[in-house]
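Please work through the following exercises with the sequence and the structure at hand. Each task is followed by a solution in steps.

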There are 2 protein chains.
Amino acid sequence: METLGGITGRSLTVAELVDVLRSAIVGGDLVPNQRLVEADLAAEYGASRGNIRAALAELTVEGLVERVQNRGARVRAVSVEEAVEITEVRAALEALCARKAAERITADEAAELQKLAGRMKDAVERGDRDSYSECNQILHARVIDISAQQTAAATIHRLRGQAVRFQFRLARQPGRPAVSLPQHLAIIDAVCAHNPDAAAHAMRVHLESVADVIRSTHT
Amino acid sequence: METLGGITGRSLTVAELVDVLRSAIVGGDLVPNQRLVEADLAAEYGASRGNIRAALAELTVEGLVERVQNRGARVRAVSVEEAVEITEVRAALEALCARKAAERITADEAAELQKLAGRMKDAVERGDRDSYSECNQILHARVIDISAQQTAAATIHRLRGQAVRFQFRLARQPGRPAVSLPQHLAIIDAVCAHNPDAAAHAMRVHLESVADVIRSTHT
DNA sequence: GTACAAGAAATTGTTGACAATCTTGAATGT
DNA sequence: ACATTCAAGATTGTCAACAATTTCTTGTAC
């Protein structure tokens, strides 16, 4: 065991450890149900056990780690049912953000989103999945950003971390872009047209269709 | 300083401390912006500083406590703007729950809600604010319960803790029951009628009106 | 009188050691 | 061979001491 990529000089602080461990979990370096033995992690990351322990406690509250009394911590395994629930909550929250974004969007921001719409159409036409996936992420992030809803943004971000594994598979689904592109364009249109109700509806429909796909992967 | 109400024999565990401190904060024993000095809390609750520290870390992630590097912890002061945001997020999430509840509700549960509707009308007629307030809480709790949405429920619960101070004042607002009673009845009707869209809409309208009231208290 | 600087006090951050608990596996009896 | 008991090892939970940082106080120069 050796220190992985960190600044090897001093030992890591709790906040740093939280970031490092969170990245390791959402990035898949630590797989679901993997045991997280405090002493081992301490040796691996060159930190004291106390700090590792504190970091695990924080990640537990965030929902990425599961702990049972006297039996230690594991990477929380999110079931399909939970992933569906999480996506449905995201649907509700991002619909709220889309609504607020439609109320607040400026002309410059609208132009930016229209440009993004063009890039997305282009990517689908060319069959460029990576570019489309990137635009997808940018779109959701920009809508949340424009909405200026701190509370909703923080909640969405936390939930996304828990279900990122499922989101990941989804992008590779064949024929998926053909379904989601018109949904994305509808969101952009409604937000740019300052139509809050339509924007919220379009976003909700989009993410509920994502939830349906996740649901269908299990059956 | 002495131990407050706890079992004085052994010292408190981290999980117990989290509960005790959370209750103290949402209950108002620890007021917003109050400094939370680890050593003082340790003495007050008869716990070790390490455990107090761990508990404060958890409550920070929950959003009840604010910490800055090397400067300690305070009870987080939720601004009016934040309280409005929190209520808007709750509106989106409880609307989701109302939608799901309308899909899943059984005949027995519907009868129970109808009975609750009667109690609420009765309480408003008699001018019994305490009873009405209690029914209000029960209604929201039951809808969330019937929806069986764990993720949404947990998120709502956390957010409620942060904004409970504002919710509290609201109930005392004169003329408030006259406005909220029809909204509550509309929610119950839609959920019992298995009408998901109407239920979600009624719940959203209700909680957005709550957000408006909170907004207006600041201006 | 005010601004600045240095030291003291208070407070937080970190660590290693010890205690409590759970798990594993061998020994024993049936 | 199988179940039970019990001891050894592994792991987590708790604590008190030490280090680092911030804040407060005091003294001094201008």
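Predicted model: local features only at pLDDT ≥ 70, side-chain atom pairs only at ≥ 80, totals over all residues.

**Exercise 1. Describe the protein surface around DNA strand C.**

Solution. 
- Step 1. Begin with the residues: 18 of them surround DNA strand C, and the closest are Ser11(A), Thr13(A), Ser48(A), Arg49(B) and Arg53(B).
- Step 2. Ask which part of the strand is approached. Among the atoms of DNA strand C that come within 4 Å of the protein, sugar and phosphate account for 78%.
- Step 3. Sort the residues by class: the surface near DNA strand C has 7 charged, 8 polar and 3 nonpolar residues.

**Exercise 2. Identify polar contacts made with DNA strand C, and state which elements contribute to the surface near it.**

Solution. 
- Step 1. Consider the phosphates. An N or O atom in the side chain of Thr13(A) is 2.6 Å from a phosphate oxygen of DNA strand C.
- Step 2. Consider the bases. A base oxygen of DNA strand C lies 2.6 Å from a polar side-chain atom of Arg49(B).
- Step 3. Assign the elements. Two or more residues each come from helix H3 (49–62) of chain A, strand E1 (35–36) of chain B and helix H3 (49–62) of chain B.

**Exercise 3. Carry out the analysis for DNA strand D.**

Solution. 
- Step 1. There are 19 residues around DNA strand D, of which Arg49(A), Arg53(A), Ser11(B), Thr13(B) and Ser48(B) come nearest.
- Step 2. Sugar or phosphate makes up 77% of the atoms of DNA strand D within 4 Å of the protein, and bases make up the rest.
- Step 3. For Asn70(B), the partner is a sugar or linking oxygen, at 3.2 Å.
- Step 4. E1 and H3 of chain A and H3 of chain B each supply at least two residues of this surface.

**Exercise 4. Explain why strands E1 and E2 of chain A each have one side without a neighbour in the sheet.**

Solution. 
- Step 1. Write down the order: the open sheet of 3 strands in chain A runs E1-E3-E2, with antiparallel pairing.
- Step 2. Strands E1 (35–36) and E2 (65–68) of chain A stand at the edges with a single partner strand each, so one side of each lacks a neighbour.
- Step 3. Inspect one pairing: E1(A) and E3(A), residues 72–75, are joined over 2 bridges, and Arg35(A) stands opposite Arg74(A).

Terms used: Residues numbered from 1 in each chain as written. Chains lettered and ligands numbered in written order. Heavy atoms only, no water. Near = heavy atom within 4 Å. Polar contact = N/O pair within 3.5 Å; in protein donor to acceptor, adjacent residues only side chain to side chain. Helix = DSSP H or I, 4+ residues; strand = E, 2+ residues; numbered from the N terminus. Nonpolar A, V, L, I, M, F, W, Y, C, P; charged D, E, K, R; others polar. Pairing = 2+ DSSP bridges.
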